[in-house]
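Student: I would like to learn how to read a model of this kind, feature by feature. Could you take me through the general idea each time and then show me the case at hand?

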2 protein chains.
Amino acid sequence: MALRPGDQIVHKAAWLYYTHGLRQDEIARRLEISRASVAMYLRKARETGIVTIAASTELFASDVLARKLEDRFGLDGVWIADGSAFPDPEAEIPSLAASVFLSMVGSGQRVGVAWGRTVYAIADAMTFADLKDVTVVQLCGNLGAPYSYRPDQCTMEIARRLNAKGLNFYAPLILSTEALATALRAEPVIREQLAGVGECDMALFSVGFADEDAHVVKCGAVTAAELRALRRQGAVGVIAGQMIDADGAPLDCEYNRRCISADLTDFRAIPKRLMVVQEEAKLEPLRAALAGRFATHLVLSRTIAQALIDSPAGQAG
Amino acid sequence: MALRPGDQIVHKAAWLYYTHGLRQDEIARRLEISRASVAMYLRKARETGIVTIAASTELFASDVLARKLEDRFGLDGVWIADGSAFPDPEAEIPSLAASVFLSMVGSGQRVGVAWGRTVYAIADAMTFADLKDVTVVQLCGNLGAPYSYRPDQCTMEIARRLNAKGLNFYAPLILSTEALATALRAEPVIREQLAGVGECDMALFSVGFADEDAHVVKCGAVTAAELRALRRQGAVGVIAGQMIDADGAPLDCEYNRRCISADLTDFRAIPKRLMVVQEEAKLEPLRAALAGRFATHLVLSRTIAQALIDSPAGQAG
DNA sequence: CAATCGTCCTGAATAATGTCAGCCAGGAGG
DNA sequence: CCTCCTGGCTGACATTATTCAGGACGATTG
């Protein structure tokens with residue numbers, strides 16, 4: 001808590017520049033250092049979250065299509081990335097999602113984080129912030145080692161950016177037998193962590209494919225054949241590692257019972273649940289997730305948003 | 001909610017510049033406008049809170065003296081302005097307080113605001129922010145017309161800066177008889193507003209002098225003679241227009257009963273209560289306010305903080 | 001104790017940004 | 001139909017910020 005002496009001057013420069021609007025040369029004079037150092041300190045201040053710069057996401061929320069989606073699916077907020085703020089379309093959804101996320105978290109909160117390529121990209125696009133007393137908890141177990149978007153990495157990276165405490169989950173996502181999964185869930189450390197899900201103020205997650213491209217397949221937790229079987233049983237999407245059917249109900253299957261992850265009923269009790277969908281092809285899982293009312297807030301691309309509106313009303317909303 | 005077409009381009013420019021880090025000339029090229037316009041839009045975006053720039057207040061909180069005050073008076077946060085971030089010592093406390101305040105409010109919250117020179121100065125120093133669903137409520141009745149720091153002005157100004165809804169109090173602060181005050185308190189509009197105090201998530205206030213310099217005297221609500229009498233009865237400070245004694249208890253006096261303002265017990269039920277003390281001479285009222293546990297968070301100058309530590313332990317902490 | 005390394009700093013050149021007088025289009029009023 | 005006015009935009013220029021090669025200083029090591 002006590003500032004390192006080297007950081008003090010960074011804070012001071014940042015304060016004078018951003019709060020009082022002094023010019024860099026004035027600051028240099030007052031602090032008796034060179035102008036170049038001031039510029040350097042200011043960059044450091046921005047990079048470490050000593051100063052926070054946030055642009056409004058209003059642009060993406062103020063849109064008829066967004067309003068329609070809110071009404072149709074009973075969502076509290078929808079943001080649509082349409083590539084009109086172009087640079088690098090790949091980066092747009094993650095950085096929009098990161099901004100929306102940051103505008104939703106506040107000091108003192110507890111946020112649950114799932115995992116996946118999308119969540120990792122969001123973590124990566126997130127600016128550093130200087131929040132107080134924030135806890136980031138991992139919503140599901142871990143994948144085997146040599147996989148790049150590991151759940152614990154998502155959690156830790158977001159925690160780092162928010163200047164928050166990260167709570168990792170010390171269990172694999174998928175176990176080989178139901179019995180082992182049950183036993184592990186009963187372990188105090190794990191039970192506590194699972195119970196903690198209900199205390200989150202918000203959640204950040206995406207929805208995954210339930211097909212051969214699913215992360216759980218790619219990382220070897222499930223074979224392609226097993227997944228095809230699950231699909232025949234009705235799996236259409238994956239939320240926090242668990243299979244859901246087209247109505248958004250957790251699939252009653254052996255796979256889900258082998259899975260160590262947030263209970264989806266507890267999950268739905270979290271007041272704010274931000275879902276981010278990046279891939280154009282995820283219409284089916286997305287519809288399932290919405291039918292299951294997993295999200296209260298949604299970030300997606302214009303094309304998939306349009307597809308959602310065009311698709312038949314079905315069981316949702 | 002639907003952006004005015006003229007604002008859309010401002011949002012877009014702000015997004016590209018601050019979120020994606022493009023240069024102004026790139027943005028100009030993409031948006032097919034001149035670079036000068038981009039610079040102008042960006043200024044507008046900063047001025048209207050489309051982009052928010054906040055510097056950490058850590059510098060002022062990380063200090064042994066602040067820690068000591070927290071321990072001694074059981075406060076959740078203390079910030080000390082010591083003039084080391086110099087420009088214009090007059091402006092330092094208000095802008096620090098404004099930054100602290102902004103870091104404490106979040107979207108969806110309800111904040112109560114008292115009044116006074118200090119609160120007005122804070123409102124004035126506050127940057128514009130782009131919060132959602134915030135309500136700013138006035139904590140006490142209004143003063144007579146031709147006075148410059150009117151409670152309703154404080155409320156409305158802060159509401160304006162936060163992009164929030166302001167709820168004014170349609171009653172005078174002081175009435176001429178107890179009977180009238182009682183009758184007025186029973187009016188539905190007023191009763192509702194008074195009841196609303198308990199629902200606030202945070203409060204912003206200062207503590208006033210209980211002497212001839214008090215605002216209530218200057219603005220003519222109370223005569224100097226009346227105030228001397230109150231002082232003899234034990235009044236040492238003023239919180240939201242009401243007299244408190246050295247122990248921080250509301251003074252049981254006719255004046256307080258004529259006063260339309262937040263019930264101080266309800267007030268203390270607000271979870272976060274930020275008190276700001278600007279004047280060096282306010283040691284006595286400050287001690288009273290702390291003894292009464294009105295504040296959970298405190299912003300003050302180094303000299304008065306030091307005086308507080310040096311003063312005998314008394315009944316506080 | 002000198003050599004080596006790393007860190008933090010600076011001056012000067014380069015790049016980016018802020019400003020302002022003036023221009024243009026469109027609306028109101030004569 | 002012209003004139004004036006307003007608001008929004010621009011080009012050119014002045015100001016301000018960033019960068020980077022190199023220098024100073026202190027710590028570490030052989």
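Student: How many residue pairs are in polar contact between chain A and chain B?

Tutor: Before the count, please keep in mind that this is a predicted model. Between chain A and chain B there are six residue pairs in polar contact, both partners being at pLDDT 80 or more. On the side of chain A that touches chain B, at least two residues each come from α1 (5-19), α2 (24-31), β1 (51-55), α4 (58-61) and α6 (89-104) of chain A. The element that gives the most to this side is α1(A), with eight residues. By residue class, the side of chain A that touches chain B divides into 21 nonpolar, 12 polar and seven charged residues.

Student: What is the area buried between chain A and chain B, and what share of it do carbon and sulfur atoms give?

Tutor: The buried area is about 3,500 Å², and carbon and sulfur atoms give 66% of it. In terms of residues, 40 of chain A are in contact with 39 of chain B.

Student: How many salt bridges does the rule find across the interface of chain A and chain B?

Tutor: The rule finds two salt bridges across that interface. One of the things to inspect is the pair of side chains of B:Glu58 and A:Lys132, which meet in a salt bridge with an N to O distance of 3.9 Å. When you judge such a value, recall that the cut-off for a salt bridge is 4 Å.

Student: How many disulfides does the structure hold over all chains?

Tutor: Over all chains the structure holds zero disulfides. A:Cys253, for example, is in no disulfide, and the nearest cysteine sulfur, that of A:Cys259, is 9.0 Å away. A:Cys253 is also buried, with a relative accessible area of 2%.

Student: Loops next, then. Is B:Val197 buried or exposed?

Tutor: A loop position has to be read together with its accessibility. B:Val197 is found in the loop between α10 (188-196) and β6 (202-205) of chain B, and it is buried, with a relative accessible area of 1%. Not counting residues up to four places away in sequence, B:Val197 touches B:Leu139, B:Ala262, B:Asp266, B:Phe267 and B:Ile270.

Student: Where is B:Ser206 found, and which backbone oxygen lies 2.7 Å from a polar atom of its side chain?

Tutor: B:Ser206 is found in the loop between β6 and β7 (208-209) of chain B, and it is buried, with a relative accessible area of 8%. The backbone oxygen in question is that of B:Val276. Leaving aside neighbours within four places in sequence, B:Ser206 is in contact with residues including B:Thr118, B:Val119, B:Val238 and B:Lys282.

Student: For a helix, what does B:Asn256 touch, not counting residues up to four places away in sequence?

Tutor: B:Asn256 is found in helix α13 (residues 254-257) of chain B, and it is buried, with a relative accessible area of 10%.

Methods:
Residues numbered from 1 in each chain as written. Chains lettered and ligands numbered in written order. Predicted model: local features only at pLDDT ≥ 70, side-chain atom pairs only at ≥ 80, totals over all residues. Heavy atoms only, no water. Disulfide = S-S within 2.5 Å. Buried < 20%, exposed > 50% of the residue type's maximum accessible area, 1.4 Å probe, protein only. Contact = heavy atoms within 4.5 Å. Buried area = accessible area lost by both parts, 1.4 Å probe. Polar contact = N/O pair within 3.5 Å; in protein donor to acceptor, adjacent residues only side chain to side chain. Nonpolar A, V, L, I, M, F, W, Y, C, P; charged D, E, K, R; others polar.
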